[in-house]
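Please read the following report alongside the sequence and the 3D view. It goes through selected local features one by one.

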Amino acid sequence: MKKKLIVTASIILTCAYPCLFIYFQNVGEGDFHEVMLPFCIFLGVSALVTLGGYLFLRNAEKAALFTCLFMLMFMNFNMVNTFLLKINPVFKGGYMLVVYLVCYTLLFIYLKKSKGDALVPCAIIVCVCGALILLNGAMAIPDIIKKTTFNQKILPESSDFSTQNSESANVYYFVFDEYGGPLSLEHYYEFENEKFMNFLEEMGFQCSRNSYNMESINTVDTLPNILNLNYVTEIDGASEYNMQYTENPVLYQLFHNMGYRINLVNHRDALETAEVNVISKYSGNDRMDTISDYILNQSLVYNVILRLIPEQSSVSIYAEALLSALNDMKYIWQETAGHPTLSICYLQCPHAGFVFDSGGNRMNEEDALNWEDKSLYIEQLKFLNSWIEETIELILENDPGSVIVMQSDHGVRYAKHCMHLYEEQEYDAEVESSYMKNILNCVYWGDLDRSADIEGLSGINTWRTVLNVMFGYDYELLPEPEEYVYHWRKVDGVQ
């Protein structure tokens, strides 16, 4: 009985450790259920290997030991191969797979002929994996407590909304991820976006060319702050914590109390969807990578799927989903008939992947994350501009009294991406951080008083100004937080 327990535990803990290690290291990035799929897949593979091993070895302990050692390779194949490729390009996936198979064949033959007892190595595996799981779990306890006891921070003033002087104009809020402000685009790309800015101003928009979200250059830090009209996030904290602040944030509460309904175009399911009506005509599966994706991508499961199951590439899926979201944005005004509505459109564009040129033609999939070719980002920016222009023209034609707020969460982060992708570590952190925080920030006031000035305002203070003008509130403009400086750091794991 004791032998069976050790043999079974060695296999289970070997399969569990990488899954739990990634989860404990990224508690704030996802939920525990995300590790169950890879864990079950690994257990299934280990069961087959153990069964096959036992049929030939006729020894449960040796079969279990072989399975544990085999699973270490199976679960970490791509991670090890990536490391070896950095050392020498000769280490390619197919070549290394042959090397592994030869090694494990020799191991199998050795175990077959060996007279030694494999129970002790199995017991050592139980002790080592069990101890590592407990250690990493203990270290993650503060983050687990923080996540499970999350309490949404609400502005005191948000709980005393009045509906007596409610303005009934429809409101549109467009957020374009990584859309660089004018200074950001000029600095990194020597590109003047004046044609687009002039279009907006001719249509009646007020455009700030000197707006910054000072607190960060990351969506998970800035966007929840804007939606809550205050600085509520933990800068450089785990995204899962911060994005919880997008569930029924202060802005939603305010408009709900004003009698508005809220529609959301939620590209890549980036925002929480409680208390909103999700507008999406895309039926495919395009979403942010999860912990489960990361674990499976490190294993041979990833290679097997690519080789045995023909499937649409992730870049192609992303392009289809983006087109669908752009179309939802273009006709979002049709969803407002008969009821005052706050329409929110979040699009992960012109953010990479780079999939469309300025004419709407597909670009090479290999360039989807190519930041070295500066033309790719600009092409996708121009592509997005054409969709925005068509959207604005339709809204103003069909809903001319509406209020439109158009922003980006941060500027273009050319320096950051080059650092991570190409390990370019030398740069002036303060200068580059400033340009990466320069945002798009434009407001169309509709029939409201247009004397308000948004020049130089952050995303939060722009919204506070809009609410003051629209509903007669007296939100004070918040002082800018201490200026954020992004220093180079290596990024691993789920981000």
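A residue is called buried when its relative accessible area is under 20%, exposed when that area is over 50%, and partly exposed in between. The model described here is predicted.

**Helix H8 and the residue after it**

Helix H8 covers residues 219-228, and nine of its ten residues are buried, so the helix is largely enclosed by the rest of the structure. Among the buried residues are Thr219, Asp221, Pro224 and Asn228. H8 is followed by Leu229, which lies in the loop between H8 and helix H9 (239-243). Is Leu229 buried or exposed? Its relative accessible area is 0%, so Leu229 is buried.

**Positive phi angles**

Leu229 has a positive phi although it is a residue other than glycine. Asp269 is not a glycine either, and its phi is also positive. Asp269 is found in the loop between strand S3 (261-266) and strand S4 (277-278). With a relative accessible area of 55%, Asp269 is exposed, because the cut-off for that class is over 50%. The table lists the two residues.

| Residue | Phi | Relative accessible area |
|---|---|---|
| Leu229 | near 60° | 0% |
| Asp269 | about 55° | 55% |

Tyr346 is part of strand S5, which spans residues 341-347. Its relative accessibility is 2%, so Tyr346 counts as buried. Which residue has its C-alpha atom 5.4 Å from that of Tyr346, while being 80 residues apart from it along the chain? That residue is Asn266.

**Helices H6 and H14**

Helix H14 comprises residues 374-398, and helix H6 comprises residues 182-189. The axes of these helices come within 11 Å and cross at roughly 150°. H6 is therefore roughly antiparallel to H14, since angles over 145 degrees count as roughly antiparallel. The crossing of H6 past H14 is left-handed.

**A nonpolar surface patch**

Val120, Ile124, Val128, Leu132, Leu135 and Met139 make a nonpolar surface patch of about 550 Å². Ile124 is found in helix H5, which spans residues 119-148. The relative accessibility of Ile124 is 48%, so this residue counts as partly exposed.

Definitions and conventions:
Residues numbered from 1 in each chain as written. Predicted model: local features only at pLDDT ≥ 70, side-chain atom pairs only at ≥ 80, totals over all residues. Heavy atoms only, no water. Patch = residues over 30% accessible without salt bridge, like charges linked within 9 Å, V, L, I, M, F, W, Y side chains within 5 Å. Areas by Shrake-Rupley, 256 points an atom, 1.4 Å probe, with all protein chains shown as cover. Salt bridge = Lys/Arg side-chain N within 4 Å of Asp/Glu carboxyl O. Helix = DSSP H or I, 4+ residues; strand = E, 2+ residues; numbered from the N terminus. Buried < 20%, exposed > 50% of the residue type's maximum accessible area, 1.4 Å probe, protein only. Axes fitted to C-alpha atoms, helices over the stretch in contact; angles between N-to-C directions. Parallel < 35°, antiparallel > 145°, perpendicular 65-115°, else oblique. Left-handed = near helix turned anticlockwise from the far one by under 90°.
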